[in-house]
Amino acid sequence: MAPSKNMMALMGGMFAMSKLDLESPVATQMLRMGFLLSCMYCIIAYWWTFLVIEEKKDRTTFEARPEMDGKPAVYVAKYDYDMQRLVDMVKGYMIWIIGVALLHFNSQAARPMFLTILMTPNNATENALFRIHLLGIDDSEEGELCRPWPQESLMSNLGFGAHAAGKRRRPTPPEQQHQVEGDAAAE
């Protein structure tokens, strides 16, 4: 989900929270059920992504870290990179869910649970791994989702921070830049 759409969902959620009585026993039970359904949806999305990554086992390598300060470049298989990113996303999601659940049950806070219900299902399906492996979006060097992606924080995984993962283009290598400049000069 684009940052502007996340902000719209967040603002819509804040407006809905101001109009709803989230402290009533019926609303609390509905929030808990919605929270569980939201968690199940996200876990299924991550599990499905895991199964597709396992099925493909793409061992194509890419340059994860370019050569710098005399250190050689680091090449990683797409499979290994994707599995590590998936593990990191699941860990961040579990920490978030446990934190929201503890906050709700210890201090009866309903607002974080309501916002989690709104935001996490969208963000589970908008991450780069889901888009590549389940939606089939191009992940080649020229594609929109070329690897490596910038590291995401917990908040950006949930849609509250800079959500630029996977939407970055690689710089053109110097040898291709000269070729492009030569083509432009010829015209």
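This is a predicted model: local features need pLDDT of at least 70, side-chain atom pairs count only at pLDDT 80 or more; totals for chains, interfaces and linings use all residues.
Residues are numbered from 1 along each chain as its sequence is written, and side-chain values use heavy atoms, with hydrogens and water left out.

The structure holds 4 aromatic pairs; rings of Phe, Tyr and Trp (for Trp the six-membered ring) pair if their centres lie within 6.5 Å, and planes under 30 degrees apart count as stacked, over 60 as edge-to-face and the rest as tilted. Because W48 lies in helix 2 and F130 in helix 5 (residues 128–133), the pair ties together parts that are 82 residues apart in sequence. W48, at 48% relative accessibility, counts as partly exposed.

## A second pair, and K78

F62 and Y81 also form an edge-to-face aromatic pair, with 5.1 Å centre to centre and 85° between the planes. This pair links distant parts of the chain, since F62 is in strand 1 (residues 61–65) and Y81 is in helix 3, 19 residues apart. F62 is buried, with a relative accessible area of 4%, and Y81 is buried as well, with a relative accessible area of 13%.

K78 has its place in helix 3 (residues 78–107) and, at 12% relative accessibility, counts as buried. Leaving aside residues up to four places away in sequence, K78 touches D58, T60, F62, D139 and R147, where contact means heavy atoms within 4.5 Å.

## Packing of helix 2 on helix 4

Two packed helices are described by the angle between their axes and the distance between the axes. Helix 2 (residues 25–56) and helix 4 (residues 111–126) pack at an angle of about 15°, with their axes 9 Å apart; the axes are lines fitted to C-alpha atoms, for helices over the stretch in contact, and angles run from 0 to 180 degrees between N-to-C directions. That angle makes helix 2 roughly parallel to helix 4, given that angles under 35 degrees count as roughly parallel, over 145 as roughly antiparallel, 65 to 115 as roughly perpendicular and the rest as oblique.

On the helix 2 side, the residues in this contact are L31, R32, G34, F35, S38, Y41, C42, A45 and Y46, and they meet M113, F114, T116, I117, T120, P121, A124 and T125 in helix 4. The residues of this contact divide into 11 nonpolar, 5 polar and 1 charged, with Ala, Val, Leu, Ile, Met, Phe, Trp, Tyr, Cys and Pro counted as nonpolar, Asp, Glu, Lys and Arg as charged, and the others, Gly among them, as polar.

## T28 and the overall fold

T28 also lies in helix 2 and is buried, with a relative accessible area of 13%. Not counting residues up to four places away in sequence, T28 touches L22, E23 and H104.

The secondary structure of the protein comes to 7 helices and 2 strands, taken as DSSP runs numbered from the N terminus, with helices being H or I of at least four residues and strands E of at least two. From the N terminus on, the elements run α-α-β-β-α-α-α-α-α. Buried residues make up 37% of the 187 residues in the protein.

Notes
Buried means under 20% relative accessible area, exposed over 50%, partly exposed in between (1.4 Å probe, protein chains only).
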